[in-house]
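User: I'd like to go through this model with you and ask what stands behind each label. Could you show it first?

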Amino acid sequence: MTLRLPALVSSALFFFAAPVSEAQIPSPDISKPTPLTVSVWDRQRVNVTQWFSATPNAEQYAHVDSLLRIALQQRIKRIDWTAELSQSSELWLPDDAVSPVPAQGHLGLGGTYYAHNGNNRFPAAASFKQGWLRYHFAHDSNTIRVGRFEFTDGTEIKPTDKSLQWLQANRISQRLIGSFGFSNGQRSLDGVEVKVNKGSWDVTAMGARAVQGVFNMNANPELDVDAQYLAWSRTAAKQHVLVRAFAIGYHDGRTGVTKVDNRSQAARTADHNNIRIGSYGTSMIAAVPVSKNVKLDGLFWGVLQNGRWGVQDHRAGAVALEGGVQFTQVKSSPWIRGGFLRATGDENPNDNTHNTYFQVLPTPRNYARFPFFNMMNSKEAFVQLMDKPTPKLDIRTDLHFLGLTSRNDLWYLGGGPLDKTTFGYTGRPANGNNSLATLYDISADYQVTARLALTAYYAHVWGKDVVRAIYPVNTHAQFGFIEMNYRFSLPLQHSH
């Protein structure tokens, strides 16, 4: 089946690039250029991991993530631009966290960084992170952007309600396309983005090629992987509801890279055809005050997929449903939420159809804060509590019950293409089991000053049948980190 989505998005890019009448909304004063500004983001993180074990001693190690991003930005009349460099380093990576047993794989993020940087314990690289020009039409929020940029799906409109902002950032965005901001290499795209906005609604179209990065410190070269995105978003009910409909085209032309699925090694090695997948979905988030003391929230997200998975047909889908209650008049504003996710898995590795839901180019860590799993072939139920004891401190704790949809498929990890030689997702056999794990985690975010923020995170995993079949000696895992973020922007010149 040939997908027509790329052509559709290309047409939309041409159509929506047309100028919009200036009579709609008055434009800002653009007669004077804004100051040339330098922005700096410095992130330092110390990670500690204890991974599941199949040997008498569990794999335990610590390593350091270091990331520095420096950007120049300016607006001159109808054009604004950004040029940004990043310098990423990994320090003291473990050299024994990649198991010789294929089913056991990388023993946590330390092993993943080590394997994707030439088995180097101290990899570092400077990268051209972003470099783009954006033109603003007469209606200033209607824009076209060209170059290298970061893109996250689901963030086309920024709601005014703070609860909706949290739901959008943490429970809707980056499920299918994200910047992979938690990793050190992160993800950029080379392409074009067009936005047409009229207050309560927005149309966004994007077409781009993925850039190497994520766990590879060298985030410079393009990959033979491209995506096209088209979304319509709208706020309703006095900004308490945000709805979106979207379509995504995805193509992976790295025909020399072995795909990860539940077929035999021989079948996968012989499959050199491209991957071409269309994803079509909708989402809705709502945060509605029902009294002076209580606000209720709800979330729906669903997607269907079709296309070609190499030589196989691809048919898959996923759905998430969540809700919660927030006590707004309590000093710390406690917020209790719960929900479930179900994503399709493949029941028959020997037929001609691939039924495993595919995440495209996401940021998995938003939905797997200890990223030993992702949404593929996944079923999940969770409860979470957020609390704000002081204006500067945010506390969040989650409890997740994780399983696999199909016992004949794999336990999947990863977040998409990151270099030219590896698929970007890994899979471990389910061995006829469905029960994966129970995950408990807790985090604290403290805003020390306007520029400095600190984060502490801890997670504990109790592995179930799927984990036990691969790591029989120790089915528990733990992960924690302490992180510092320092950001500032400084004008280098003043407007004349």
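**Labels and the values behind them**

Analyst: Happy to. With 496 residues, a compact globule would have a radius of gyration near 23 Å, and the protein has 23 Å, so the two agree. The radius is taken over C-alpha atoms, and the globule rule is 2.2 Å times the number of residues to the power 0.38. Along the principal axes, the C-alpha atoms fill a box of roughly 70 × 55 × 50 Å. Two notes on the source: this is a predicted model, in which local features need pLDDT of at least 70 and side-chain atom pairs count only at pLDDT 80 or more, while totals for chains, interfaces and linings use all residues. Residues are numbered from 1 along each chain as its sequence is written, and side-chain values use heavy atoms, with hydrogens and water left out.

User: How many helices and strands are there in the protein?

Analyst: The protein has five helices and 21 strands. Both are DSSP runs numbered from the N terminus: helices are H or I with at least four residues, strands are E with at least two.

User: Why is F358 called buried?

Analyst: Buried means under 20% relative accessible area, exposed over 50%, and partly exposed in between, with a 1.4 Å probe and protein chains only. F358 has 1% relative accessibility, so F358 counts as buried. Y425, with a relative accessible area of 3%, is buried too. I30 has 18% and therefore also counts as buried. Across the protein, buried residues make up 56% of the 496 residues.

User: Where does I30 lie?

Analyst: I30 is in the loop between helix 1 (5-16) and strand 1 (37-50). Its C-alpha atom is separated by 56 Å from that of R268, 238 residues apart along the chain.

User: How many aromatic pairs does the structure hold, and why is the pair of F358 and Y425 called edge-to-face?

Analyst: The structure holds 26 aromatic pairs. Rings of Phe, Tyr and Trp (its six-membered ring) pair if their centres lie within 6.5 Å; planes under 30 degrees apart count as stacked, over 60 as edge-to-face and the rest as tilted. The centres of F358 and Y425 are 5.4 Å apart and their planes are at 65 degrees, so this pair is edge-to-face. F358 lies in the loop between strand 14 (353-354) and strand 15, and Y425 in strand 18 (residues 425-429), so the pair ties together parts that are 67 residues apart in sequence.

User: What makes the pair of F479 and F481 tilted?

Analyst: Their ring centres are 5.9 Å apart and their planes are at 50 degrees, so the pair is tilted. Both F479 and F481 are buried. They also belong to a cluster linked by ring pairs, whose members include W51, F182, W411 and Y471.

User: Which charged end sits over the ring of W41?

Analyst: That is R487, 4.1 Å from the ring centre. A charge sits over a ring if NZ of Lys or CZ of Arg is within 6 Å of the ring centre and within 35 degrees of the ring normal. R428 lies over the face of W411, at 5.4 Å from the ring centre.

User: How many cavities of 30 Å³ or more does the structure hold, and what makes a set of points a cavity?

Analyst: There are five of 30 Å³ or more. On a 1 Å grid over the protein atoms alone, a cavity is a set of points where a 1.4 Å probe fits but cannot get out, and lining residues have an atom within 4 Å of a point. Grid points are joined across faces, edges and corners, and a volume is the space filled by probe spheres set on the points. The largest cavity holds about 120 Å³ of space.

User: Which residues lie nearest the centre of the largest cavity?

Analyst: They are R175, L341, Y367, M375 and E380, out of 16 lining residues. Strand 15 gives the largest share of that lining, three residues. The lining divides into nine nonpolar, three polar and four charged residues. Here Ala, Val, Leu, Ile, Met, Phe, Trp, Tyr, Cys and Pro count as nonpolar, Asp, Glu, Lys and Arg as charged, and the others, Gly among them, as polar.

User: What volume does the second largest cavity have?

Analyst: About 90 Å³. By class, its lining has six nonpolar, four polar and two charged residues.

Conventions: On a 1 Å grid over the protein atoms alone, a cavity is a set of points where a 1.4 Å probe fits but cannot get out, and a pocket is an open set with protein on both sides within 12 Å along at least five of seven lines; lining residues have an atom within 4 Å of a point.
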